[in-house]
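Have the sequence and the 3D view open as you read.

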Amino acid sequence: MLTELKPDARCATFQAVNTPMTIAFPSGLNPPLFVNAVRQLKGDNPIEAKHLLLRSLREEGETALSYHYLARAIADTQGKQADVLAAQARALKFAPGNPVFLAAFGLRLVDAGRDQEALAVLSETLARDPQNVLALPWVLRLKRRYLQWGDQQEEDAALATLLDGDFVVDPLMLLTFVDDPAVQLRFSRLSAPKVVAQPLPPHAPHDKIRIGYFSADFREHATMHLMEGVFKAHDRAGFEFYVYDFTPDPRCRQHQIIRDFADVYQDVSTLSPIQTAELARRDQLDIAVDLKGRTTDSRPMIFARRVAPVQVSFLGFPGTTAMAEMDYMIADNITIPAGDEQYYSEQILRMPGCYQPTNNARVVPTGAHPRSKFGLPEDKFIFANFNHPHKVGPSEFATWMEILRQVPNSVLLFYAGKNDLSAELASRAEAHGIDAARILPCGSLSQQEHLERIAQVDLCLDCFAYNAHTTASDALWAGVPLLTLCGRQFAARVATSIMSAAGVPELSTDSKEAYVAAAVRIATNTEELQVLKRKIKECRHASTLFDTNTWTRNYEALLTKCHARFLAGEAPAHMSLGGDGA
């Protein structure tokens, strides 16, 4: 997560602040252990780097930079969070008040899941250095998570600082703030691994096409909610499946599903990315499918080193990886319309319907429970937002408040996750002139209970730059319409693709004005709402969106075409089942 401090640039960075000279080694000192350790970290060998840094601290002396890199080495070897934080805290002790190390400590708190502490530390960083590019993006994200953002002008000013430079910004974070595929490509390139892939030794053809799935989400997670049906529907006669699990959770139901699915299951939780890559190379995969992309707990270095002749980015990250070694990305005609291929480093594999899989074996919510079971009023029109709070910014919230203003007998059910955001929601509603009692915060439930809660809702309202994805198909499975605003980048077009595949394209709008008008019209027109709900309930059995078997056959056909191109000695190319090319 941490942006690397380049040794050749750190002196200029640190001279700008008044801190002790224990930040780096004194000029003229050549610390070979430290220099070699940094080289090992850059070469993706954190185990050796950790060993060298511990020696350097003993033999060459303690510095803030040494402890900073030690924290990174411990983290990269899946060490204990307490040890990572201790090393980063020591770096800060040797450079008290230094905004670079203060920001680094804040980011380590984020890694440890201590977000509120992280926000306090990162906010202090910005108080010392208002344009600190380590702290700035995460302050933006965490303020959203806790609904502590200012107005749109404040967010735009902070974003301008990031976008005006060549700073490394977490691509996942940027998706929620900027709806521009060109910007996403630019920043994904800045953070993509910079390694030269080793040639992949050829292997004889296998009896079956060997597919490897890589993820940290083979557990209770949105990815498994979507992929569970695909794993069960996969063609076992034509394919052999290898699974590389970054973070196994034997306690959850999905873990047993993935173990039963895999022909070969590899627990790689204790392996470094380079070790995982070596293991996957020995397994002689034909196709490697990265289900993480550039999201939390991802390991892009595995694919940067190349582990299969065909590498595919799919599902986990709704944007380009900007990695030279990632050959393909799975999309559809709506998420990446013709002409937008220029914004994606990968060749585009277009599914004939929606790119997103679903699991049509899930229990269908009955909606028979009284609303009171979920703390909901029986006599109000219920709007709902089930996106995570970090997707919600000033623009979305202001738009929803305008809808409530125009539909007086309505409330907004607002998903707050694990945090108590009641006070923040009340304050923000009142700032827009809306009675705080009309905003109903709700928390996490089990998947089936969550679907039953959705079924009580009248209309779901979507976010803009980063749409509802799994949340959108969940709403339709529960029989509830979701109103979306179609944007420019992949992440802002997913819900439009889902609504189209479900046979309700009229639920996608092209402007905030149209979005508000549609929400108000649906909420005040009982007949239109009932027609929508009837179409949505029929789509569970009649639309391509919930035809898991057909989706899986189409997906397998695209992967087979990729494999055939490789065997024929042809370079990757844009492809669809209706014909090759964009």
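## Charged pairs

Arg-405 and Glu-402 form a salt bridge, with their closest N and O atoms 2.6 Å apart. (A salt bridge here is a side-chain nitrogen of Lys or Arg within 4 Å of a carboxyl oxygen of Asp or Glu.) Both residues sit in helix H16, three residues apart, or about one turn of the helix. Helices (H or I, at least four residues) and strands (E, at least two) are DSSP runs, numbered from the N terminus.

Before going further, keep in mind that this is a predicted model, where local features need pLDDT of at least 70 and side-chain atom pairs count only at pLDDT 80 or more, while totals for chains, interfaces and linings use all residues. Residues are numbered from 1 along each chain as its sequence is written, and side-chain values use heavy atoms, with hydrogens and water left out.

How many salt bridges does the structure hold? There are 29 salt bridges. Here are three of them:

| Pair | N to O distance |
|---|---|
| Arg-405 and Glu-402 | 2.6 Å |
| Lys-232 and Glu-228 | 3.3 Å |
| Asp-474 and Arg-362 | 2.8 Å |

Asp-474 belongs to helix H19 (residues 470–477) and Arg-362 to the loop between strand S7 (347–351) and strand S8 (381–385), so this pair ties together parts that are 112 residues apart in sequence. Lys-232 and Glu-228, on the other hand, are four residues apart in helix H12 (residues 222–233), which puts about one helical turn between them.

How open are these side chains? The classes are buried (under 20% relative accessible area), exposed (over 50%) and partly exposed in between, using a 1.4 Å probe and protein chains only. Asp-474 is buried at 5%, and Arg-362 is buried at 15%. Arg-405 is partly exposed at 39%, and Glu-402 is partly exposed at 27%. Elsewhere, salt bridges that share partners join Asp-217, Arg-219 and Lys-292 into one network.

Now look at Asp-286, in the loop between helix H14 (273–282) and strand S4 (287–290). Asp-286 is buried but has no salt bridge, and the nearest side chain of opposite charge, Arg-210, is 5.5 Å away. (Lys and Arg count as positive, Asp and Glu as negative; His and the chain ends are not counted.) Even so, the side chain of Asp-286 reaches the backbone nitrogen of Arg-210 at 2.8 Å.

On a 1 Å grid over the protein atoms alone, a cavity is a set of points where a 1.4 Å probe fits but cannot get out, a pocket is an open set with protein on both sides within 12 Å along at least five of seven lines, and lining residues have an atom within 4 Å of a point.

The model has three cavities of 30 Å³ or more, and the largest cavity has a volume of about 50 Å³. Its lining includes Leu-175, Tyr-343 and Phe-490, and helix H11 (residues 181–191) gives the most, with three residues.

The second largest pocket has a volume of about 240 Å³. Of its 18 lining residues, Phe-177, Ser-395, Glu-396, Phe-464 and Ala-465 are the closest to its centre. The largest share of that lining, four residues, comes from H9.

Conventions: Points joined across faces, edges and corners; volume = space filled by probe spheres on them. Polar contact = N/O pair within 3.5 Å; in protein donor to acceptor, adjacent residues only side chain to side chain.
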